[in-house]
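Morning, everyone. Please have the structure up on your screens. I'll take the sheet, then the helices on it, then the charged pairs.

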Amino acid sequence: MQTKTLKIGTRGSALALAQARETCDRLVKAHGLREDDIEIVVISTSGDRIQDRPLSEVGGKGLFTLEIEEQLADGRIDLAVHSSKDMPTFLPEGLHLSVFLEREDPRDAFIGRTVKTLTELPSGAVVGSASLRRQALILKSRPDLKVVNFRGNVETRLRKLADGDVDATFLAYAGLRRLGLGDVATALMDVASFPPAPGQGAITLETRIGDARIDALVAPLNHFATSTALACERAFLGTLDGSCRTPIAGLATISGNTLTFHGMILLPDGTEAHEVTGEGDVADAAAIGRDAAARVRAKAGAHFFTDWL
């Protein structure tokens, strides 16, 4: 099946490279390839270069994918490896998310400098987070805290925390585990009260629609339960027009043929939140997500969404 070097595009952070190497290892195992049959191509993105402003002010999560998708579309790379939660709901024409690797633990990790949990932070403590969802969830439970924008890769944020720039921060536990840093988490957040971002913990592969050679190579890597859960979560996000301006959380879980979904939308300051649940057959994953989005939108009312702008 493989007659030329397969080029995998990725961002250059330690976590992105770990995810690209995991993809490479799975391809080698699935097809009996040699490691030198695959080349990992590091691509600098606007989201990596712009560190002094929140993503919501400079173009949203698409800034982490733009340059990679340009090289995928014109054939300079054969596939791209992404964190699913970084992917916009609408992709460039001709590209799709064709595969989802088995999901890691989707929970958020709390990392305190001098305390172990969010509840132990003293009033007025400073928490760093670049995620509007996390900021809103923090303020929902602890309005007495100060939340500041906190950009950078995992290592940068941990260094800033150790230097005392903030008293605590949150990171995806899946990313910490992939970097061998799971033990830096001082607490793991419960998904019921602190739900993750849609797609959190899952690696996705983006490919060109209709590229039969690449489709055949990546197909064995797809994990059914993860791809089904993500179909629901991304439908929920897409129906709500989710972006980095919108605090949206959602997690789908699967047991047998049944999919269960829990979603939440919040105001950025955490003063108002609305939850929704849904359940149904796994074959209806996307429809369950869309229905949950419509119901929570109706519950929140039009004023709720104008407050996001």
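One definition before we start: two strands pair if DSSP finds at least two bridges between them. Keep in mind that this is a predicted model.

Now the sheet. Three strands make it up, in the order β11-β12-β13. The sheet is open, and its pairing is antiparallel. Which strands sit at the edges? They are β11, residues 248-255, and β13, residues 273-281. Each of those two pairs on one side only. From one strand to the next, the twist averages 10°.

Look at β12, residues 258-266. Nine bridges join β12 to β13, and the two run antiparallel.

Next, the helices. Which strands does helix α5 lie across? Helix α5, residues 132-141, lies across β11, β12 and β13. Its angle to β12 is about 75°. Helix α10, residues 285-300, packs on the sheet too, touching β12 and β13. The direction of α10 makes about 150° with that of β13.

On to charges. How many salt bridges does a search of the whole structure find? The count is 17. I'll show a few.

Start with aspartate 86 and arginine 11. Their side chains meet in a salt bridge, at 3.4 Å from N to O. Aspartate 86 is in the loop between β3 (79-83) and β4 (95-100), and arginine 11 is in the loop between β1 (6-10) and α1 (14-31), so the pair ties together parts that are 75 residues apart in sequence. Buried or exposed? Aspartate 86 is buried, and arginine 11 is buried as well.

Glutamate 22 and arginine 26 both lie in α1, four residues apart, about one turn of the helix. Their side chains form a salt bridge at 3.0 Å, N to O. Glutamate 22 has 23% relative accessibility, so it counts as partly exposed. Arginine 26 is partly exposed too, with a relative accessible area of 31%.

Then aspartate 74 and arginine 76. Here the salt bridge is 2.8 Å, N to O. Aspartate 74 is partly exposed, at 46% relative accessibility. Arginine 76 is also partly exposed, with a relative accessible area of 44%.

Last stop, a network. Salt bridges link Asp78, Arg208, Asp211 and Arg213. That's my tour. Thanks.

Key
Residues are numbered from 1 along each chain as its sequence is written. This is a predicted model: local features need pLDDT of at least 70, side-chain atom pairs count only at pLDDT 80 or more; totals for chains, interfaces and linings use all residues. Side-chain values use heavy atoms; hydrogens and water are left out. Axes are lines fitted to C-alpha atoms, for helices over the stretch in contact, and angles run from 0 to 180 degrees between N-to-C directions. Contact means heavy atoms within 4.5 Å. A salt bridge is a side-chain nitrogen of Lys or Arg within 4 Å of a carboxyl oxygen of Asp or Glu. Buried means under 20% relative accessible area, exposed over 50%, partly exposed in between (1.4 Å probe, protein chains only).
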